[in-house]
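Work through the exercises below with the structure in view. Each task is followed by its solution.

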Amino acid sequence: MATGAAPASFTGLKRKDNGLGFSKSMGFVRVCNLQRVKFHRTKVSVIRNSNPGSDIAELRPASEGSLLLVPRQKYCESTHKTVRRKTRTVMVGNVAIGSEHPIRIQTMTTTDTKDIAGTVEQVMKIADTGADIVRITVQGKKEADACFEIKNTLVQKNYNIPLVADIHFAPPVAMRVAECFDKIRVNPGNFADRRAQFEQLEYTDDDYQKELEHIEQVFVPLVEKCKKYGRAMRIGTNHGSLSDRIMSYYGDSPRGMVESAFEFARICRKLDFHNFVFSMKASNPVIMVQAYRLLVAEMYVQGWDYPLHLGDGLGDTIRVSLTEPPEEEIDPCRKLANLGMRAANLQQGVAPFEEKHRRYFDFQRRTGQLPVQKEGEEVDYRGVLHRDGSVLMSVSLDQLKTPELLYRSLAAKLAVGMPFKDLATVDSILLRELPPVDDKDSRLALKRLIDISMGVITPLSEQLTKPLPNAMVLVTLKELSTGAHKLLPEGTRLAVSARGDEPYEELEILKNVDATMVLHELPYTEEKFGRVQAARRLFDYLSENDLNFPVIHHIQYPKGIHRDDLVIAAGANAGALLVDGFGDGILLESPDQDFDFLRNTSFNLLQGCRMRNTKTEYVSCPSCGRTLFDLQEISAEIREKTSHLPGVSIAIMGCIVNGPGEMADADFGYVGGAPGKIDLYVGKTVVKRAIAMEQATDALIQLIKDHGRWVDPPAEE
């Protein structure tokens with residue numbers, strides 16, 4: 001018997017014969033006696049949605065060797081080019097959100113909402129900076145009453161920017177503020193459910209249904225009021241504040257995040273209210289990506305077309321959350337939105353191809369085969385790549401003239417002028433031009449790097465004319481096809497450069513090459529071609545042919561690029577692939593950017609994608625009106641004293657409104673509990689309460705020491 005699972009939304013599953021049985025279980029339909037068919041050269045199970053339309057769910061193993069089959073569903077308009085997902089238009093005041101409109105930019109005030117003058121001033125500053133929408137926290141009745149004066153004052157000053165009320169735990173407050181604000185944000189995890197206690201509860205079907213009926217009873221009045229006043233709504237799930245009911249049924253998972261939002265959306269639809277958007281928030285970007293994909297995949301199956309609000313990423317409206325003042329969020333937000341809209345306008349991508357191996361909905365990292373030592377090799381090549389993700393840097397001839405400065409720039413430790421690799425030392429370098437054979441000092445500097453297992457990569461033409469012992473050689477596919485690399489001594493280590501969009505016939509040469517790594521490089525100036533799609537095509541080809549070369553994302557930026565644009569582009573181009581588990585490292589080149597900045601950006605990107613951990617990880621909420629301390633100042637203070645603890649994660653939260661689950665990835669938490677008072681957490685558990693803020697940072701350090709995670713800062717060399 002073949003057994004699979006499909007979303008419960010595939011109602012009324014049917015087959016021509018009578019051999020299909022199904023039962024609902026945790027949001028899935030268990031499907032039995034499925035007919036196996038041949039598809040993509042493998043046997044899979046296929047079911048058809050009996051609802052109108054031609055959607056087909058292809059069932060595949062949940063993981064390698066798993067007996068559980070899950071659907072491979074559509075989650076975007078195209079996987080080979082950038083196309084905005086078609087949505088309906090949602091009106092927030094006088095601002096339209098949806099695929100037919102620009103990506104809307106928004107942020108959130110940080111003032112006390114009861115401070116009417118201060119909040120009005122901040123909203124005007126945000127509007128003047130170019131935001132389309134402003135969100136304001138509304139905790140209670142006093143804040144709700146203040147919202148009327150805030151709105152009226154802004155209108156009197158000719159500021160008609162739409163205002164959004166941020167609501168947690170307070171349905172009556174939402175009802176009140178819906179009379180004056182343009183949009184209500186509700187958190188499904190705490191609008192009607194109690195705050196999660198992280199308890200595993202047992203629910204019968206009847207128990208679960210009763211809780212859904214309670215949610216409907218609490219939520220319906222707000223939906224009806226929003227319909228009456230023409231308001232919009234955001235159904236915004238937080239990974240950190242899923243209810244015990246959802247977590248007991250679906251786990252602390254992307255699937256639970258989606259179902260939490262859908263419970264509220266079904267109520268809206270039942271009342272014929274459609275002026276709403278969805279959002280999925282998680283401090284872990286891998287979780288967030290999975291949640292959004294599941295959300296959209298389910299909407300495709302259901303035939304829904306609601307717009308998306310994304311905290312970090314590209315949807316129909318976005319906010320980039322920073323600890324800085326809210327107006328500082330607008331510029332990076334605009335840069336990110338412009339990057340996405342430009343890609344969509346150009347429909348950046350590659351020629352259509354069949355993607356067979358990427359896992360859309362659950363993270364599984366593709367790990368290339370790290371170098372192994374070969375018999376007869378004079379140096380150790382095992383350190384040229386790092387198992388958790390590698391950082392490569394481009395080095396110039398001028399840098400070789402000052403070896404000790406170069407070693408420090410590569411973040412190597414020095415002992416009597418000799419370099420040694422450290423935790424965050426660059427793994428390999430690219431040297432586009434070799435020093436002359438008679439430049440003994442520069443060549444000695446390179447030898448010392450090679451001796452500590454740092455790879456030195458140089459183009460084929462350079463190595464043939466000015467050979468450097470034990471260098472690795474960068475070759476193109478064309479050079480491989482002509483056999484030019486055969487002029488090198490036997491056993492020379494090769495790094496192969498590939499675009500990813502070449503004809504498959506050209507990629508065939510990779511089957512006959514023993515490459516230490518592949519550098520994926522698509523010229524930055526080729527605007528019509530999509531780097532992400534080209535890389536996916538390359539990875540799919542490698543997987544299809546069982547080629548497990550490590551792949552490095554190599555991006556060359558043009559001269560004059562602003563560093564903010566570089567960071568955002570690196571996140572969009574390389575980060576989008578790394579969070580899918582595609583890539584073994586990164587090489588960023590920019591002719592006029594600071595060397596240390598490029599190195600730090602590379603390591604930060606790897607750590608942000610949950611790969612190589614080289615420094616303390618901080619999870620910080622964006623400041624808002626609920627924040628009980630100066631988030632920017634306290635964050636800087638904690639970072640100054642704890643930034644030397646790689647492997648330790650610290651959450652710095654202005655309040656606990658989103659639940660301790662917001663700190664799910666953190667080892668320790670510093671959380672505003674009351675004005676002037678701090679609560680300290682270990683994981684999701686509060687261990688110290690009401691510590692005076694003046695002593696809280698030292699108490700946090702002592703807590704880290706008590707748990708054996710503290711080391712003293714390294715002494716200055």
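**Exercise 1.** Find the closed barrel in this predicted model and state which strands form it.

Solution. The barrel has eight strands, in the order E18-E21-E22-E23-E24-E25-E26-E27. Their pairing is parallel. From one strand to the next, the twist averages 25°.

**Exercise 2.** Describe how strands E25 and E26 pair, and then identify the helix that packs on the sheet and touches E26.

Solution. Start with the ranges: E25 covers residues 515-520 and E26 covers residues 551-556. The two strands pair in the parallel sense over three bridges. Next, take Val 518: its bridge partner in E26 is Val 551. Finally, the helix is H16, residues 563-578, which touches both E26 and strand E27 (585-589). The direction of H16 makes about 160° with that of E26.

**Exercise 3.** Classify the packing of helices H4 and H6 by angle and by handedness.

Solution. H4 spans residues 205-229 and H6 spans residues 254-270. Their axes come within 10 Å and cross at roughly 55°. Because of this angle, H4 is oblique to H6. The crossing is right-handed. For the residues that meet, look in H4 at Tyr 208, Leu 212 and Phe 219, among others, and in H6 at residues including Phe 264, Ile 267 and Cys 268.

**Exercise 4.** Summarise the chain as a whole: how many helices and strands are there, and what percentage of the residues count as buried?

Solution. The chain contains 19 helices and 32 strands. Of its 717 residues, 55% count as buried. The chain exposes about 30700 Å², and carbon and sulfur atoms supply 50% of that area.

Note on methods: Residues are numbered from 1 along each chain as its sequence is written. This is a predicted model: local features need pLDDT of at least 70, side-chain atom pairs count only at pLDDT 80 or more; totals for chains, interfaces and linings use all residues. Side-chain values use heavy atoms; hydrogens and water are left out. Two strands pair if DSSP finds at least two bridges between them. Helices (H or I, at least four residues) and strands (E, at least two) are DSSP runs, numbered from the N terminus. Axes are lines fitted to C-alpha atoms, for helices over the stretch in contact, and angles run from 0 to 180 degrees between N-to-C directions. Contact means heavy atoms within 4.5 Å. Buried means under 20% relative accessible area, exposed over 50%, partly exposed in between (1.4 Å probe, protein chains only). Accessible areas come from the Shrake-Rupley method with a 1.4 Å probe; for residues, only the protein chains shown count as cover. Angles under 35 degrees count as roughly parallel, over 145 as roughly antiparallel, 65 to 115 as roughly perpendicular and the rest as oblique. A crossing is left-handed if the near helix is turned anticlockwise from the far one by less than a right angle, and right-handed if clockwise.
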